[in-house]
Structures are given as structure tokens and as C-alpha cells.
Amino acid sequence: MDPYRSYQARFGCRPRSTVALFIVLSWALFANSACHKQRTRSFSHSGPGVTLQLQSVSDSESLLFVPIVLVSFQQSLDSLNKDSFAPRGKTLVVLHGDARSFMQSTNTQTLNIRSYARPGRIDILSTYFMGLESRERSREILATLTHEMVHLYMMEKREEPGFVGFPAWLHEGLARTMAKQPIVPLSPIRKTFCQEATPWKRARTIDYSVGHQIVEWIVQRYSLASLQRQIQKQAFEKPENARVFWQHLCQEFLDAHKTSSTPTS
Ligand SMILES: [Zn+2]
């Protein structure tokens, strides 16, 4: 069927009025979306321990995400509190509806990141979660918030200037363990992995997988409580002592897993 005839049949109007109608509708849609953007951009909600801010989020996304994020935050906080890994301060959670807003706020250049932690603040990109089935979406948001809140806790522990921080493998490993994220099978590890431990802000892919395995091993061999006490204690120790301690623990893990790992250097 002729597309124009079909349109005329459905809407019963002549070409000139069709153009006018199109212009009016487009303007109305534009004005409506601009209005929504403005409304949601300034939205913020405060709950116990959290302030949630929305940036470039549409009304429908905000309806979907606001309750999930607030409930998940509370669940994360409760479960981390039980093991004394919860951040002390109030957390600002910023939910971004588009990648540009997320990347500008976090100063990141990759689309692989969906969440980002800095002292007292977590940024989340909503688009990643939009494609998930609803139960999985809730589970992933809970895991993401728990993971990032562990980073906030770790940052609170070592704030003094000049300290390079806990090794990246401990940061990411503990965050993945507490968030109950899946364990990645052990891939070949360099013999020098423990000596060349990178600071958290320069975490490599291997720090996530190996760190997760090391932390799971520490929890089994010692306990989660003793790991927590050690992190707590190091807030008052010299950075060099802390560095040596984690290096030894990391090496103990590698030695215990010599048969399952293949040193490449
Ligand atoms: Zn992380």
C-alpha cells in the first residue's frame, strides 16, 4: 500500500495538515522530553546512609531504578555491617542514564565500566542493567553496590597522604568476595605477581581474578573476621609494613597453588 495513502486513511487528513500535525507533535514531544530531563536531572533522594542522585535519567528509568537502588543499598549496608566492612560515612550514589554523563563524571574513557567508586561516592551507569531480566537486574545492582561499598570502606581505612593504598588484588578480591560475584578460574600467574602488586587505581584484569581467589583462600584458611581485623589494624601501621604483610600473604597463596598455576616468568 502507498505509505501516504495508508497514513491518510488512518489519520484522515490532507498532506499540508499532515506536515503541520507532524511539526506540532514533534515540538510537543521535544518540549515534553526536555521538561522530563530537567525534572529528573535535579532529582535526589535521601535515605539512611545514602543520597541518590539521578543524571540524564528518563522518568521511566527513574521509576524502575530508584526503588531497586535504594532497597539494594540498604541490603548491602546491612550485610556489610554484619562483617564490619561497611563504609562509615554517608554515601552519594549517582545514577547516570547515558554513557556520556557517566564518563564525564568519572573521567573514564572506556565503555567497559558500569560503576565507579571514589571517597564517599558511587557512580552507576543504568544502561548496562536495562538489558537484563528483572531478577538478574536486581541481583546485579545489589552486587555492584556491595562491590563498590567495599572499595569505599577500604578507601576510608587508608586516607593518609602519600600512602599508595592496599594492593589492587586485595581491593578487587575483597570487593568480589563480599559481593558474591562469580570466581574466574585461575589463569597462569607470573612468579613476580606479589612483588609487583599494583595500587588499586591501576588495577589490571588479573588483579580481579587472582585477587578474588587469594581472598577466598584467606577466608578459608584464616577467616573473614581475621582479614577484617588485619585491614583495620593497618589503618594505624606504616605503609611499608602493610605492603610487606600483603606481599607475604600473596606469596603464601602462590606457593600453596604452585601445581594449579603456571608461572610464566
Ligand atoms: Zn572494583
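Okay, let's start with N107: this residue is exposed, with 8 other C-beta atoms within 10 Å. N107 sits in the loop between α4 (99-106) and β4 (115-118), and its phi is near 60°, a positive value in a residue other than glycine.

Quick housekeeping. This is a predicted model, so local features need pLDDT of at least 70 and side-chain atom pairs count only at pLDDT 80 or more, while totals for chains, interfaces and linings use all residues. Residues are numbered from 1 along each chain as its sequence is written.

Now S84, in the loop between α3 (59-82) and β3 (91-96). Its phi is near 60° too, again positive in a residue other than glycine. S84 counts as partly exposed, with 13 C-beta neighbours inside 10 Å.

Which residues of α10 are buried? A242, L249, C250 and F253. They cover an arc of only 100° around the axis, going by the directions from the helix axis to the C-beta atoms, which puts them on the same side of α10. On the other side, E240, N241, V244, H248 and D255 are exposed. The buried ones pack against α7 (168-178), α8 (205-221) and α9 (224-234).

Last stop, V93. Leaving aside neighbours within four places in sequence, V93 is in contact (C-beta atoms, placed from the backbone, within 7 Å) with V50, L52, V69, F73, I122 and I124.

Methods
A residue is buried if 20 or more other C-beta atoms lie within 10 Å of its own, exposed if 12 or fewer, and partly exposed in between; C-beta atoms are placed from the backbone. Helices (H or I, at least four residues) and strands (E, at least two) are DSSP runs, numbered from the N terminus. Two residues are in contact if their C-beta atoms, placed from the backbone, lie within 7 Å.
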